[in-house]
Amino acid sequence: MNAPEPGLPMVVPADGLPARVRIHEVGARDGLQNEKATVPAEVKAEFIRRLAATGLTTIEATSFVHPKWVPQLADAEQLFPAVADLPVDLPVLVPNERGLDRALALGARRVAVFASATESFAKANLNRTVDEALAMFEPVVARAKDAEGVHVRGYLSMCFGDPWEGAVPVEQVVKVCRALLEMGCDELSLGDTIGVATPGHVSALLTALAEAGVPVSALGVHFHDTYGQALSNTYAALRHGVTTVDASAGGLGGCPYAKSATGNLATEDLVWMLRGLGIDTGVDLGSLVATSVWMAAHLGRPSPSRTVRALAGSGADSHKEQ
Ligand code: HMG
Ligand code: MG
C-alpha cells in the first residue's frame, strides 16, 4: 500500500484485475458531437494536442460522416491534418466507403465502423436496418484491411438497452458482435449508449461472448454514466479481463436519446479509480483535469466529472492554464 500523492488516491490493489488498461479517449469525437456548441477546428486541435500531452495514447479524433447528420464534426478535413503529426493513435469513424475514402485520403491509420444491436437505433443513426448497416460496413472493413495495416474497430451501440425497444437480449448482441469480427474488425467496443447497464448485466454479456468464442482481448467497453453506473460496470468488465476502456475527458457528451443523460464515462473518474487500484494507464491526472477545465471554459459550462470538480482549483491540476 503506497501513501497517496496530492491529488491522487491511495493505491490499494485488488485481486483479479489487469496490470494495465488502455484508455480509448473519445472526448473529441463522441463528446463534442453531442455538445450543443460547435467548437472551432483550431480549438479541437488544441484539445487533442493537450490530451496527447497527458499520456493518452489513443485519441479518437473525428468522424467522416455526412455533415448534415453530425454538423459538429463537419470540419473533419480541416481537423485531421492539424493533429496527424501527433505520436498517438488517432482513430476516426467511417460509416461507409465514402467516409473511408475521405479518411484514407488524409492518411488515417485507424478507422471505426459503428453498428447497432437494435433495429431502432440502426435506423436512427445510419438510416439502415441492422443487416443493411452490416452490409454497408463489409466493403469498408475489407478495403481498410487491404490498405496495409489499417486497424478497424467495430462499435456496437445499445448493447444493454434501447430507448425505443427496451431490454436488448444478450443473444442479439452476441450475434452482431460475431458478424463484426467475422467481417474482419480487429476490436469491438461494447456500447451502453443510454447508460442503463448494471454490473451483473455486463458480466452476463461478457460471459456469453466468451462462450461464443469471442476473445476478451478483442473487446473494449464504452459506458455512459446516465444512472451513475459507469465505473461499477467498468470494474465488472475488468474482472472479466477487459483491458480497453473508452472514456471522454471531462465527461463530455451526452446521448440525444436519453433525457438528462450525463454522457460518457469521464476519463478523469476512470483514471482516479484505476490509479487507486494500482492499474497503469500512463495518464497524468493533473494535466488531464487541467485540459478538461480549459475545454469547459470554451464550452461555457463546468465539467460534469466528479473528479474534475474535486480536483479543479485544488492545485492538483498543476498544469492548469488560462
Ligand atoms: P443516408 O442519408 O442514408 O446516405 O445516410 P446515403 O448513403 O443515401 O447518401 C446520401 C448523400 O450523403 C449522398 O450525397 C452521399 O454522397 C452523402 P448526394 O449524392 O445526395 O449529394 N454521403 C456522405 N457524405 C459525406 N461523408 C459520408 C457520406 N456518406 C454518404 N461518409 C449515412 C447514411 C451513414 C451517411 C448517415 O446516416 C450518417 O452519416 N450517419 C452517421 C451518424 C453518426 O455519426 N452518428 C453518431 C455516431 S455515434 C454512435 O453511433 C455511438 C457511439 O458513439 C457509441 C456510444 O456512444 O454508445 C459509437
Ligand atoms: Mg458514447
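# Close-up views of a predicted model

View 1. The buried residues of α10 are T267, E268, D269, L270, V271, M273, L274 and G276. The model is a predicted one. Helix α10 covers residues 267-276, and because eight of its ten residues are buried, the helix is largely enclosed by the rest of the structure. The elements that cover these buried residues include β1 (22-25), α9 (230-239), β9 (244-247), α11 (285-299) and α12 (306-311). Just after the helix, G278 has a positive phi of about 75°.

View 2. Helix α7 runs over residues 170-183 and has 14 residues; at 1.5 Å a residue it should span 20 Å, which agrees with the 20 Å between its end C-alpha atoms. Buried positions in α7 are V170, V173, V174, V176, C177, L180 and M183.

**View 3. The contact of helices α4 and α6.** The axis of α4 (residues 97-105) and that of α6 come within 9 Å and cross at roughly 25°. Angles under 35 degrees count as roughly parallel, and the two helices are therefore roughly parallel to each other. On the α4 side the contact is made by E97, L100, D101 and L104, and on the α6 side by P139, V140, R143 and A144. Five of the residues in this contact are nonpolar and three are charged, with no polar residue.

**View 4. The aromatic pair F64 and F80.** A search of the whole structure finds two aromatic pairs. In the pair of F64 and F80, the ring centres are 6.5 Å apart and the planes stand at 65°, so the pair is edge-to-face. F64 belongs to the loop between β3 (62-63) and α3 (76-83), while F80 is in helix α3; the pair therefore ties together parts that are 16 residues apart in sequence. F64 and F80 are both buried.

**View 5. The aromatic pair F160 and F223.** The rings of F160 and F223 form a tilted aromatic pair, with 6.2 Å centre to centre and 45° between the planes. Since F160 lies in the loop between β6 and α7 and F223 in strand β8 (residues 219-223), the pair ties together parts that are 63 residues apart in sequence. F160 has a relative accessible area of 6% and is buried. F223 also counts as buried, at 1% relative accessibility.

View 6. Most residues other than glycine have a negative phi. N127 is not a glycine, yet has a positive phi of about 60°. N127 is placed in the loop between α5 (119-126) and α6. Its relative accessibility is 38%, so N127 counts as partly exposed. M158, likewise not a glycine, has a positive phi of about 60°. M158 sits in the loop between β6 and α7. With 0% relative accessibility, M158 counts as buried.

**View 7. The surroundings of L126.** L126 is a residue of helix α5. Its relative accessibility is 9%, and L126 therefore counts as buried. Apart from neighbours within four places in sequence, L126 is in contact with W69, P95, F114, F121, A133, M136 and F137. Between the C-alpha atoms of L126 and H298 there are 30 Å, and the two residues are 172 residues apart along the chain.

View 8. Q72 is located in the loop between β3 and α3. Its relative accessible area is 15%, and residues under 20% count as buried, so Q72 is buried. Leaving aside neighbours within four places in sequence, the residues in contact with Q72 are L32, Q33, E35, A37, T38 and K44. The C-alpha atoms of Q72 and A41 are separated by 9.8 Å, with the two residues 31 residues apart along the chain.

Methods. Residues are numbered from 1 along each chain as its sequence is written. Chains are lettered from A and ligands numbered from 1 in the order in which they are written. This is a predicted model: local features need pLDDT of at least 70, side-chain atom pairs count only at pLDDT 80 or more; totals for chains, interfaces and linings use all residues. Side-chain values use heavy atoms; hydrogens and water are left out. Helices (H or I, at least four residues) and strands (E, at least two) are DSSP runs, numbered from the N terminus. The expected span of a helix is 1.5 Å times one less than its number of residues. Buried means under 20% relative accessible area, exposed over 50%, partly exposed in between (1.4 Å probe, protein chains only). Axes are lines fitted to C-alpha atoms, for helices over the stretch in contact, and angles run from 0 to 180 degrees between N-to-C directions. Angles under 35 degrees count as roughly parallel, over 145 as roughly antiparallel, 65 to 115 as roughly perpendicular and the rest as oblique. Contact means heavy atoms within 4.5 Å. Ala, Val, Leu, Ile, Met, Phe, Trp, Tyr, Cys and Pro count as nonpolar, Asp, Glu, Lys and Arg as charged, and the others, Gly among them, as polar. Rings of Phe, Tyr and Trp (its six-membered ring) pair if their centres lie within 6.5 Å; planes under 30 degrees apart count as stacked, over 60 as edge-to-face and the rest as tilted.
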